[in-house]
Amino acid sequence: GIRSETAMAGKRESKKATRKGSKAKDEDKKEEEPPVDLKALESKQRSVLDVAMKLFEKRAVDRATRLVYSGSKGLKDGIEDFHKTWCNKMRNKHKVTGFAGLINGTVFLHVIEAPEEVIVDLIRNLVEVETLGLLKNIRIIAINDEVPRCFLRWNVMKASADNDEPQDVETVQLAWACVKNLLQLGIETKMKQPSERLQQKYLPSTQKLVRLSQSTELCTPAEYLEIFHSPVDFTMNSERVWPVSDLVKV
């Protein structure tokens, strides 16, 4: 009996000693843990630029290239149908918003918001439009890249505007006033077609648009493509000299 009690007491003491030893080992392990790698943590954190780029990509659908142009009605009808067909085709793959209207049956005005490749395709088509006789004297009033959309949908319609003779102002000021009013038209129109009240308030008069279409300060579609979307070709002065001079002198 004495031996068994002694053995039991010995086991208890050994268990206590084992527990104390394991606790001491755990404490030693905690003390021996390597320091936190701050550089590794910083590499996982996103910078302000990373956040900005992510927001930029996320909101890409809300930005677009905006084109505003006008032209006088040509000898043939069908300019509204042409734009409607073209726009429906593009909307199958891209988001296209804006407003197009034949104002007072004489001048066509179009503001469109879409990806850049869509805008360039439209400008190329405008060259053909003049050839077909649907429009004449087309002038690009404004084109802007990476701008927020002001229109929520695309509309085409016959529109009306009050008669208003343009004052003695520069073409740039007249074009800017036209663009500014069109943007306000888009903001107030929202998802509906522009009401007659909004048309009368924001659409430029045919007299102003005719003056813009007759301006030599604004590009035609063909001139715009030649300036911004054609290969750069130039001749260096050294190429005009014969015999050709050595490029490197020893």
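**Helix contact and aromatic pair**

In this predicted model, T171, L174, A175 and C178 of α6 meet K208, L209, R211 and L212 of α8, where contact means heavy atoms within 4.5 Å. Sorted by type, the residues of this contact are 5 nonpolar, 1 polar and 2 charged; nonpolar covers Ala, Val, Leu, Ile, Met, Phe, Trp, Tyr, Cys and Pro, charged covers Asp, Glu, Lys and Arg, and the others, Gly among them, are polar.

A word on conventions. Residues are numbered from 1 along each chain as its sequence is written. Local features need pLDDT of at least 70, side-chain atom pairs count only at pLDDT 80 or more, totals for chains, interfaces and linings use all residues, and side-chain values use heavy atoms, with hydrogens and water left out.

Now the geometry. Helix α6 spans residues 171-189 and helix α8 residues 206-213; their axes come within 11 Å and cross at roughly 130°. Therefore α6 is oblique to α8, oblique being what is left after under 35 degrees (roughly parallel), over 145 (roughly antiparallel) and 65 to 115 (roughly perpendicular). Helices here are DSSP runs, H or I, of at least four residues, and axes are lines fitted to C-alpha atoms over the stretch in contact, with angles from 0 to 180 degrees between N-to-C directions.

Next, the rings. The count is 1 aromatic pair, for centres within 6.5 Å. Y224 and F228 have ring centres 4.7 Å apart and planes at 40°, so the pair is tilted, neither stacked (under 30 degrees) nor edge-to-face (over 60). Both residues lie in helix α9, residues 221-228, 4 residues apart, about one turn. Y224 is buried at 11% relative accessibility, whereas F228 is exposed at 53%; buried means under 20%, exposed over 50%, with a 1.4 Å probe and protein chains only.

Conventions:
Helix = DSSP H or I, 4+ residues; strand = E, 2+ residues; numbered from the N terminus. Phe/Tyr/Trp six-rings, centres within 6.5 Å; stacked < 30°, edge-to-face > 60°.
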